[in-house]
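Work through the exercises below with the sequence and the model open side by side. Each task is followed by a solution in steps.

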Amino acid sequence: MAVVVVMMFVAAACSAGTTATTATTAAPATTAAPATTAAPATTATTAVTATTAAPPAEGVAYKIGFVASATGPGSSLGMPETNTAHMLAQQWADGITGPDGVHHALDVIILDSESNPDVGAAAVSRLITEKDVDVLVAGTLSGNALAMAPLAEEAEVPMISMGSARSIIETDGVTRPWIFKTPQENGHSARWQATYLKSQGITSVCYLYENSGFGQDTLNNAKKFFPEAGIKIVFSDTFERSDTEFPQMQGVQSSGCQAVVVGAIPPGASMVTVALRDFVPDLPVIQGHGVCNATFISLAPKATEGVVLPCGRLMVADGLPDNDPQKPVLMKYIADYTAFTGGDPVSTFGGHAWDALQWAYMGLSSLNEGPDLKDRRAGIREYIETNIKDWPGTGGVFNVTADDHLGLKYTGLTFVRVEGGKFVNFPPKDW
């Protein structure tokens with residue numbers, strides 16, 4: 001049976017008049033059909049009747065809209081997400097066959113938010129109103145995701161965020177019905193940090209965080225979980241993600257704190273670590289899960305050595321026991337990603353995109369042919385909310401419910417230390 005598959009990668013550009021980039025891939029060149037062999041001659045006693053199965057019915061083409069920070073200050077997170085989207089688009093080139101046997105071409109439309117909330121919101125708006133996407137995977141940075149979420153809610157399009165802040169999926173403690181997210185969150189990170197600090201007998205810390213929605217959310221969670229562990233924040237201050245000079249060191253030096261906790265992503269998280277090593281070299285530095293990528297270390301290899309932090313298991317996958325339910329998923333993702341990119345190191349952020357895109361794909365795969373766009377969007381939303389149960393992804397084992405559109409416990413993260421220029425497992429028994 002010859003099957004002709006068409007995969008469309010749609011070129012798109014953000015209508016905001018910016019340089020938002022749509023990574024496009026030309027349709028793969030068709031290859032010549034394999035040479036056929038002559039049918040065997042029939043004999044008088046074994047007549048052979050060649051039969052050809054009818055090709056599957058072709059249904060409406062499905063569309064996944066994807067927006068990440070491929071450029072701009074969040075690119076160390078958004079580029080591995082974008083690479084992952086391209087990788088999966090290639091893996092899914094055969095499209096989707098629904099439970100009714102109807103085949104659907106799959107179009108993954110990939111846009112760049114430039115790490116700018118306005119550009120990201122414009123990209124999401126275009127995907128919803130002009131491209132008629134079935135589902136969105138969007139928002140690398142929490143601030144970007146928060147700008148996109150109301151648009152998806154108003155249009156009733158399921159959106160799976162790659163941003164961390166809890167406020168992306170909840171407002172005033174109420175779950176946003178159309179918004180999901182896959183990254184572990186700052187509350188999980190703060191619980192790990194508090195547990196570690198308490199184990200070291202540390203009762204006072206300085207808290208430095210980037211001036212962003214993500215940074216503020218890390219501080220808010222530290223204020224919630226640190227006091228429960230008997231830890232007081234005696235000094236806190238912000239810095240910009242692009243800063244290279246840190247006058248905040250004077251406050252750290254004069255505060256008398258026993259350790260410094262940082263809530264940021266690279267490059268700021270790396271640069272502030274360099275400053276801390278220069279000004280207060282004896283103070284332990286504890287980072288959060290926003291630095292779980294090679295960029296954090298490569299920007300400051302000497303300063304980051306010995307830094308401890310909570311991080312997803314993807315960064316220490318090869319050291320996990322074989323019975324860990326995530327290990328097969330993690331090892332396959334690592335192999336696929338490094339092969340696709342020609343050797344780029346993995347990061348937990350690419351993993352967040354992988355998890356989110358898998359949810360979108362599974363939601364589409366659950367649909368029979370027939371529903372219009374509005375009902376397809378509703379069906380995907382319903383599928384994610386009710387069917388992601390005990391699902392091992394790269395970020396943990398997920399159990400999504402109507403009240404929890406993340407579905408992870410804080411143990412979705414593990415604890416690691418930077419040693420020899422890489423992340424290594426650093427479990428509580430070794431503290």
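The model is predicted.

**Exercise 1. A residue in a helix**

Task: Find which residues Gln-358 is in contact with, leaving aside its neighbours within four places in sequence. Then decide whether Gln-358 counts as buried or exposed.

Solution. 
Step 1. Leaving out the neighbours within four places in sequence, the contacts of Gln-358 are Leu-88, Trp-92 and Trp-391.
Step 2. Gln-358 belongs to helix α11, which covers residues 348-365.
Step 3. The relative accessibility of Gln-358 is 14%. Buried means under 20%, so Gln-358 counts as buried.

**Exercise 2. The protein as a whole**

Task: State how many helices and strands the protein has, and what percentage of its residues count as buried.

Solution. 
Step 1. The secondary structure consists of twelve helices and 18 strands.
Step 2. The protein has 431 residues, and 54% of them count as buried.
Step 3. Take the contacts between residues at least 6 apart in sequence: 71% of these join residues at least 24 apart.

**Exercise 3. A five-stranded sheet**

Task: Give the strand order of the open sheet of five strands, and explain why one side of β4 and of β9 is left without a neighbour in the sheet.

Solution. 
Step 1. The order in this open sheet is β4-β1-β5-β6-β9, and the pairing is parallel.
Step 2. β4 (106-112) and β9 (179-181) are at the edges; each has a single partner strand, so one side of each lacks a neighbour in the sheet.
Step 3. On average, neighbouring strands of this sheet are turned by 20° against each other, direction ignored.
Step 4. For a closer look at one pair, take β1, residues 62-68, which runs parallel to β4 and is joined to it by seven bridges. Within this pair, Val-67 has Leu-111 of β4 as its bridge partner.

Task: Determine which strands helix α2 touches, and at what angle helix α1 runs to β1.

Solution. 
Step 1. Helix α1 (residues 75-91) lies across β1 and β4, and runs at about 160° to β1.
Step 2. Helix α2 (residues 117-129) packs on the sheet and touches β1, β4 and β5 (135-138).
Step 3. The direction of α2 makes about 175° with that of β1.

**Exercise 4. Strand β17 and its partners**

Solution. 
Step 4. The hairpin of β17 and β18 has two residues between the strands, and in it Gly-420 takes a positive phi near 60°.

**Exercise 5. Enclosed space**

Task: State how many cavities of 30 Å³ or more a search of the whole structure finds, and describe the lining of the largest cavity and of the second largest cavity.

Solution. 
Step 1. The search finds two cavities of 30 Å³ or more.
Step 2. The largest cavity has a volume of about 120 Å³. Its lining has 14 residues, and those nearest its centre are Leu-77, Thr-140, Ser-164, Phe-214 and Phe-349.
Step 3. By class, the lining of the largest cavity has seven nonpolar, seven polar and no charged residues.
Step 4. The volume of the second largest cavity is about 40 Å³. The residues that line the second largest cavity are Asn-186, Ser-189, Ala-190, Gln-193, Tyr-207, Thr-218, Val-262, Gly-263 and Gly-288.
Step 5. Two or more residues of this lining come from each of α4 (186-199) and β12 (259-263). The most come from α4, which gives four.
Step 6. The lining of the second largest cavity divides into three nonpolar, six polar and no charged residues.

**Exercise 6. The largest pocket**

Task: Identify which element gives the most to the lining of the largest pocket, and how the lining divides by class.

Solution. 
Step 1. The largest pocket holds about 410 Å³ of space. Its lining has 18 residues, and Leu-314, Met-315, Val-316, Lys-422 and Phe-423 are the closest to its centre.
Step 2. At least two lining residues are supplied by each of α8 (294-298), α10 (327-341) and β18 (422-425).
Step 3. β18 gives the most, with four residues.
Step 4. The lining of the largest pocket has twelve nonpolar, four polar and two charged residues.

Notes: Residues numbered from 1 in each chain as written. Predicted model: local features only at pLDDT ≥ 70, side-chain atom pairs only at ≥ 80, totals over all residues. Heavy atoms only, no water. 1 Å grid on protein atoms, 1.4 Å probe; cavity = no way out; pocket = protein on both sides within 12 Å on 5 of 7 lines; lining within 4 Å. Points joined across faces, edges and corners; volume = space filled by probe spheres on them. Nonpolar A, V, L, I, M, F, W, Y, C, P; charged D, E, K, R; others polar. Pairing = 2+ DSSP bridges. Axes fitted to C-alpha atoms, helices over the stretch in contact; angles between N-to-C directions. Contact = heavy atoms within 4.5 Å. Buried < 20%, exposed > 50% of the residue type's maximum accessible area, 1.4 Å probe, protein only.
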